[in-house]
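Colleague: Thanks for making time for me today. Could you walk me through this model and its charged pairs?

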Amino acid sequence: MRPLSLTLPLFLHLGIASATYTLSEVKAQISSYLDQNQNGTHTTRSAPPSGCQLACGFLDFALPQHVSYPQSVIYEFEESRYWSQQQELTRPSCRFSPTSAEDVSLAVLTFRVTQCKFAVKSGGHAAFAGASNIDSGVTIDLIHLNQLSLSADKTQASIGAGNVWYDVYTYLQPKNVTVIGGRVSAIGVGGLTLGGGMSFFSSQHGWACDNVNNYEVVLADGSIRQVSYSSAYSDLYWALRGGGNNFGIVTRFDLAAYPQGDLWAGSDTFLYTNETAAAINNAFYYLGVNAPSDPYAQVIIAYAYAQAQDLFVIASDLQYAKPIPNPPILQNFTSIPGSIASTLRIVDLANLTVEFNNTNPGGFRQTYWTFTVQNSASLMADMVAIYQEEVTAIKDVAGIVPSAVFQLITTDMTKHFSRNGGNPLGLAGQGPLNLINIDISWSNASDDERVLTAAQNMVNRSIAAARAQGLDHPYLYQNYASYQQNVFASYGADNLAKLKSISAKYDPQQVWQKLQPGYFKLG
Ligand SMILES: Cc1cc2nc3c(=O)[nH]c(=O)nc-3n(C[C@H](O)[C@H](O)[C@H](O)COP(=O)(O)OP(=O)(O)OC[C@H]3O[C@@H](n4cnc5c(N)ncnc54)[C@H](O)[C@@H]3O)c2cc1C
């Protein structure tokens, strides 16, 4: 940090793990900055800046090269790195790109002093506006927190919170290990891990949040803490395993690393027919039942609509975490006749995530929704019928690409949810469950209302169908949820109450709830 002047005291506070400031120290520095500003030392502005204008100016002065403004190359480059158009069109007053946890700490205290609202971005793949960007506030872009290292015994990878999974995997792959992370190359480490994190290896090892050994976190008081199950902050460790952006800004994740080589994986594509759909839904159901016999298998079933051809298709994405073609556990899928295209092959993890990235292009209007039901092939058919009816009503929308994506939350996954004190998701020991993601992209904002209404209908009608059959489940997966969905209530009343009390303990001023308004709040 650049000192304000040689006559100012150096406010380094070496109390905790790293050099940080206190709120009153930053307040004093900002006052001094304002005095000099008003005296014309730094700018010729007539009225003293306030709020985010002041926060941007102070951070720019204190940490040169870390702040960018609209129309600058860096600002516009960072703005272009969101997946959805809604997020990309959101315009903060400035963007702040820290290079250390100490920088993040200074920013948080600056926002508190100036009462400037802020957002935090890792990979920028949350779909709705305001999730990791903020109009007229300041966005902390973690892009430069991109360090990567592996312990000498190869059991733990330390990963800066601004990395995307492709960079993580290409770093670890030559060392023949991996971590439990995203399945699409451009997803960020931060958002995925703080919301849960389903990976190709989750039946073996649990979700990403269950494989964090230690979080380096900047708390609301500016302190930098090392948070693990065995630390003094085991309650915070529990909360971070699914608590999203409500407990601090994570600057580094220390993740359990596991030996891993190539996989057998890819996608079989089918034209939709009732017979093919029934066969796929049955195979999906039986995988849920049989999964414990072979936790190397994972499947993603996506029902989609191809506008150019005006027809429905089914993508059967199969993954086996060993380089063994067509393993018995997946043969209920591979024996289904009529595939019109297949990419199934032996492949390395990084390249597999690139294949998935290519089928999820950015730059469009996007909406993500979620719900969970019990594992049932006939309910799956009912939900697909609802999806198709609702898609038919919006199939003329320019550029529409609507999908209903089905994934199993297996009993193998949820047994890891109670490891190291557990997580707050409310699913430990449950399953097999069917986790649904309604995922729609389209071209023009003028169609937002029609698309969002159809998406909401798909969700509401499917949940009603599940409830009528006694097959509904309350869980809403944060990483797939729409902002209209009440994620934390779905964790269960006890878990939500515990999350709120941990929030009150570590953040008595409720900085993460009030000054960082975007994404899912504890309420
Ligand atoms: C194409 C696509 C593929 C996907 N694949 C998967 C998948 O394989 N498995 C899966 O589980 N999910 C998947 N998801 C969902 C994904 O996990 C979420 O969208 C997630 O929020 C993305 O994380 P991000 O860092 O890219 O997003 P961001 O938009 O950067 O962040 C999301 C939220 O997390 C907060 N946040 C991010 N980093 C930090 C941090 N370090 N400290 C505090 N808060 C932080 C942000 O403030 C924001 O509120 C996918 C999504 C898309 C669009």
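Modeller: Gladly! Helices (H or I, at least four residues) and strands (E, at least two) are DSSP runs, numbered from the N terminus. This is a predicted model, where local features need pLDDT of at least 70, side-chain atom pairs count only at pLDDT 80 or more, and totals for chains, interfaces and linings use all residues. Residues are numbered from 1 along each chain as its sequence is written, and side-chain values use heavy atoms, with hydrogens and water left out.

Colleague: How many helices and strands are in the protein?

Modeller: Counting those DSSP runs, the protein has 17 helices and 20 strands.

Colleague: How many salt bridges does a search of the whole structure find?

Modeller: A salt bridge is a side-chain nitrogen of Lys or Arg within 4 Å of a carboxyl oxygen of Asp or Glu. Searching the whole structure gives 18.

Colleague: Which residue forms a salt bridge with D448?

Modeller: The closest N and O atoms of the pair are 2.5 Å apart. D448 lies in helix α15 and its partner in strand β17, so parts 83 residues apart in sequence are tied together. At 8% relative accessibility, the partner counts as buried; the residue is R365.

Conventions. Buried means under 20% relative accessible area, exposed over 50%, partly exposed in between (1.4 Å probe, protein chains only).
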